[in-house]
Amino acid sequence: MENRMFCYQCQEALKNTGCTVLGVCGKTSDVANLQDLLVYLLKGIAFWGTRGRDMGVVDADTDLFVAQALFATITNANFDPDRFVVLIQEAIERRESLREAAQARCHELHGEPCTGTGPDWASWKPADDDLDTLLDKAVRVGVMADETLDADIRSLRELIIYGLKGMAAYTEHAYVLGESDPEILSFMQDMLEATTKNDLTADELTGLVLKTGEMGLRAMALLDKANTSAYGHPEPTQVYLGVRPGPAILVSGHDLRDLDELLQQTEGTGVNVYTHSEMLPAHAYPAFKKYGHFAGNYGGSWWEQREEFERFGGPILMTTNCIVRPKDNYIDRLFTSGQAGYPGCKHISDREPGKQKDFSDIIAMARTCPEPEPLEEKTITTGFARQTVMAHADAVIDAVQTGAIKKFVVMGGCDGRQKSRQYYTDVAQALPDDTVILTAGCAKYRYNKLDLGAINGIPRLLDAGQCNDSYSLIRTAQALAEAFELNDVNDLPIAYDIAWYEQKAVIVLLALLHLGIRRIRLGPTLPAFLSPNVVSVLVNNFELKPIGEVEEDIAAMMVGK
Ligand code: SF4
Ligand code: SF3
């Protein structure tokens, strides 16, 4: 069939090659193409933004806009073509005003009018407001637009762009909570610009990939600071998975400020609030524990939502990814906020300065809906972020020194639909009793309901939180290396068996590579966007490897391979 789109940014890319007609995720070809056009125009903003910055022209709002727009293109966040049309229009307006400012400054500095238009992405404008005009352009600017481009260069450019998308998501979450870092934002434009440079070699681009990892780590640190400053340090917390009587709202995604404001607005209303998927770790933050109506976590991983949302009965708020195509019988109960979007779902407007988002429609709907149907009666534990683990450092170090803990296995990342992800459940179950699993992100739903026991009071599964809380795992590893007086984190008794799905996992992976972490197992498949030569570089320099058979992988990890 004719290619109507091309996207290979996530782990579920069709046949591990690319989606060409419709996304496996449900993304239509129009949305995929509009996302390509948006990224193309962001490169145009970067063209003028990087040049303007060199001359002292800075547009902080546009710098943040680039992050927000990149965030909107991550897998399973926004499926709404209308929202992408608006973002495209805004990108063009912002690019033009940056261009004018940069050219005016250039004129001032050099005394001559500066009228260059730059390349197509820095100057293209649609002839009219028609969607078809945008789509006509969009199909000519995507990942495969230049068929003659060297496969390794394309691979490295896309690796950088997908890393930036993950970084953008974390950065935007931090900004929402009032933490800022202009260097992260300017780096995004430097890298977008770098992906347009034909004179950069594969080696140079590989260097930029690792720099992207370095900046990704900084974005995760910024978000960690934002979350812990606003809501305190996560504490080990038992989260109830059942339901209680009363109307309810389900909150999913990663945006803690949305949850915070929703909890405030539902307090005293008789409406309970439950978390879903990546929002589960919110229960561990001290600031949210005061809410008696913060009732528990409902359901499992993102990809199981179609049945669970049906059974939940009440309204559901998706604050970010992962949205799955909703069933007709709950689409009118599905709301989106922030960069998330789905056609036919009501989108909650962004907050006005000094005000909260207005969740009154969701709350009013909750009162008219049936109570949630129970799914399971159980509790699970979360909240083992860096401060908690370090508070018990003596016990952890002692357990390692006495041999009670032989190995930590980092199994963080994303979950997904593919059956082969059963591997992670099997590994968690088959790991020897003297191992401890460190996790973060929604990958944990493959094993967080298993009873894995404890070692000297230390649970064998330590969940640090959301995918961005991989930062906590990194800090924990660094602190252990210090405690054991090791210069190299690779000498720690830690193995990495990571699951990826979308672009936030890409930036976490790049952050680990930047830190020089070797012998990472990555699954369930290696990214389709990595060319064979790029895979070879990662294998040769970092001993990165695909997951294999459960028993063999465990045996290898136990001996540090
Ligand atoms: Fe396919 Fe993933 Fe792209 Fe969706 S995000 S279109 S599933 S590669
Ligand atoms: Fe999961 Fe979508 Fe990535 Fe934040 S909710 S980790 S996949």
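Contact here means heavy atoms within 4.5 Å. In this predicted model, that criterion can be applied to Q264, a residue of helix α9 (residues 256–266). Leaving aside its neighbours within four places in sequence, Q264 is in contact with Y291 and Q356. Q264 and Y291 are separated by 27 residues in sequence, and their C-alpha atoms are 8.4 Å apart in space. Because its relative accessibility is 36%, Q264 counts as partly exposed.

Helix α11 (residues 305–312) has Q305, E308, F309 and F312 as its buried residues. Viewed down the axis of α11, these buried residues fall within an arc of 100°, and therefore they line one face of the helix. They pack against four strands, namely β2 (248–252), β3 (272–275), β5 (316–318) and β6 (334–336). After α11 comes G313, which has a positive phi, near 85°.

A pairing of two helices may be considered next. Two packed helices are described by the angle between their axes and the distance between the axes. The axes of α6 (residues 151–176) and α17 (residues 503–514) come within 7 Å and cross at roughly 100°, so α6 is roughly perpendicular to α17. On the α6 side the contact is made by L159, Y162, G163, K165, G166, M167, A169 and Y170, and on the α17 side by Q503, K504, V506, I507, V508 and L510. The residues of this contact between α6 and α17 comprise nine nonpolar, three polar and two charged.

Most residues other than glycine have a negative phi, and most peptide bonds are trans. N76, in the loop between α2 (60–72) and α3 (81–110), has a positive phi, near 65°. N76 is buried, because its relative accessible area is 3%. N456, in the loop between β11 (454–455) and β12 (458–459), likewise has a positive phi, near 50°. With a relative accessible area of 57%, N456 is exposed.

One joins N321 and C322, with omega about 15°; C322 is found in the loop between β5 and β6. Another joins G523 and P524, with omega about 5°, and P524 lies in the loop between β15 (520–523) and α18 (532–542).

Definitions and conventions:
Residues numbered from 1 in each chain as written. Chains lettered and ligands numbered in written order. Predicted model: local features only at pLDDT ≥ 70, side-chain atom pairs only at ≥ 80, totals over all residues. Heavy atoms only, no water. Buried < 20%, exposed > 50% of the residue type's maximum accessible area, 1.4 Å probe, protein only. Helix = DSSP H or I, 4+ residues; strand = E, 2+ residues; numbered from the N terminus. Arc of directions from axis to C-beta. Axes fitted to C-alpha atoms, helices over the stretch in contact; angles between N-to-C directions. Parallel < 35°, antiparallel > 145°, perpendicular 65-115°, else oblique. Nonpolar A, V, L, I, M, F, W, Y, C, P; charged D, E, K, R; others polar.
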